[in-house]
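Welcome to this guided tour. Please open your viewer and get ready to select residues as we go.

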Amino acid sequence: MRKIIFGLITLIAILTILSSNAAAASKVTLQPSSKSITAGENITVDVIVTPDIPIAGMQFDLEFDGSVFQVVDVTEGKLLKQNGQNTLFSPGQAGNRALRNVYGCILGSSSISTPGTFATITLASSPGVKGTSQLYLKNVTISNSTSKPVEVRLVNTSITLSEPKKSRNLLEQLIESLLG
């Protein structure tokens, strides 16, 4: 009977440890300014970080369909600057199908634990393209103040592109204005 009770207590302790470790992860979310745009328009996508533990730096790549989107700009968000910390930020290198090596860190030994925007990416959509396109975070690493990686959970996104509304000719506009 003692062996069974001891075994059950040990099993419960192990399950408790494993479940608490599995739940601990900083979340990184791609949040577009809109889930639907007209082909040919620009769109911004925020990289939102919700830390589970204090963090001090991050890096990521973004993959996308190069026939649909091109990177226009990448700017640093306020995530790492929350308490007035000095930071180092690199907007990465934009290619045909990916944005690579975007990274940033707090200079010094500080860390932050409040959610915020790490980076904002401006994408131009190709004119004449319609449908839904996926954006994927890849090679994401978040580190704590001792440069140790922390667990990460990713939330990717998709954006739907529609055809631009066709402009009406002068006759159509005149008829509409007369008929009300």
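A polar contact is a pair of N or O atoms within 3.5 Å; within protein, one must be able to donate a hydrogen and the other to accept it, and residues adjacent in sequence count only if both atoms are side-chain atoms. Before we use that, two notes on the model. This is a predicted model, where local features need pLDDT of at least 70 and side-chain atom pairs count only at pLDDT 80 or more, while totals for chains, interfaces and linings use all residues. Residues are numbered from 1 along each chain as its sequence is written, and side-chain values use heavy atoms, with hydrogens and water left out.

**Stop 1: a loop**

Select Asn 83 and Gln 85. The backbone nitrogen of Asn 83 lies 2.9 Å from a polar atom of the Gln 85 side chain. Gln 85 belongs to the loop between β5 and β6. Strand names like these come from DSSP runs, numbered from the N terminus: helices are H or I with at least four residues, and strands are E with at least two. Is Gln 85 buried or exposed? Gln 85 is buried, at 11% relative accessibility. On this tour, buried means under 20% relative accessible area, exposed means over 50%, and partly exposed is in between (1.4 Å probe, protein chains only).

**Stop 2: an open sheet**

Now switch to a cartoon view. Strands of a sheet pair through backbone hydrogen bonds, either parallel or antiparallel. Here, two strands pair if DSSP finds at least two bridges between them. Follow the order β5-β9-β3-β1-β12, and you have traced an open sheet of 5 strands with mixed pairing. Which strands stand at the edges? They are β5 (69–76) and β12 (152–155), each with a single partner strand, so one side of each has no neighbour in the sheet. On average, neighbouring strands of this sheet are turned by 20° against each other, direction ignored. For such angles, axes are lines fitted to C-alpha atoms (for helices over the stretch in contact), and angles run from 0 to 180 degrees between N-to-C directions.

Zoom in on β3 (residues 42–50) and β9, which pair in the antiparallel sense over 8 bridges. Select Ile 48 and you will find Thr 117 of β9 opposite.

**Stop 3: aromatic rings**

Next, show the side chains of Phe 60, Phe 89 and Phe 118, which ring pairs link into a cluster. A pair of aromatic rings is described by the distance of the centres and the angle of the planes. Rings of Phe, Tyr and Trp (its six-membered ring) pair if their centres lie within 6.5 Å; planes under 30 degrees apart count as stacked, over 60 as edge-to-face and the rest as tilted. By this rule there are 2 aromatic pairs. In one of them, Phe 60 and Phe 118 have ring centres 6.1 Å apart and planes at 75°, so the pair is edge-to-face. Phe 60 is in strand β4 and Phe 118 in strand β9, so this pair ties together parts 58 residues apart in sequence. Phe 60 is buried at 0% relative accessibility, and Phe 118 is buried at 2%.

Turn to Phe 89 and Phe 118: with centres 5.8 Å apart and planes at 65°, this pair is edge-to-face. Phe 89 lies in strand β6 (residues 87–90) and is buried, at 19% relative accessibility.

**Stop 4: salt bridges**

Colour the charged side chains. A salt bridge is a side-chain nitrogen of Lys or Arg within 4 Å of a carboxyl oxygen of Asp or Glu. How many salt bridges does a search of the whole structure find? The search finds 5.

Select Asp 61 and Arg 100, whose closest N and O atoms are 3.6 Å apart in a salt bridge. Asp 61 lies in strand β4 (residues 57–63) and Arg 100 in strand β8 (residues 98–106), so the pair ties together parts 39 residues apart in sequence. Asp 61 is buried, with a relative accessible area of 7%, whereas Arg 100 is partly exposed at 34%.

Glu 63 is partly exposed, at 26%.

Lys 130 is exposed at 56% relative accessibility, and Glu 163 is partly exposed at 45%.
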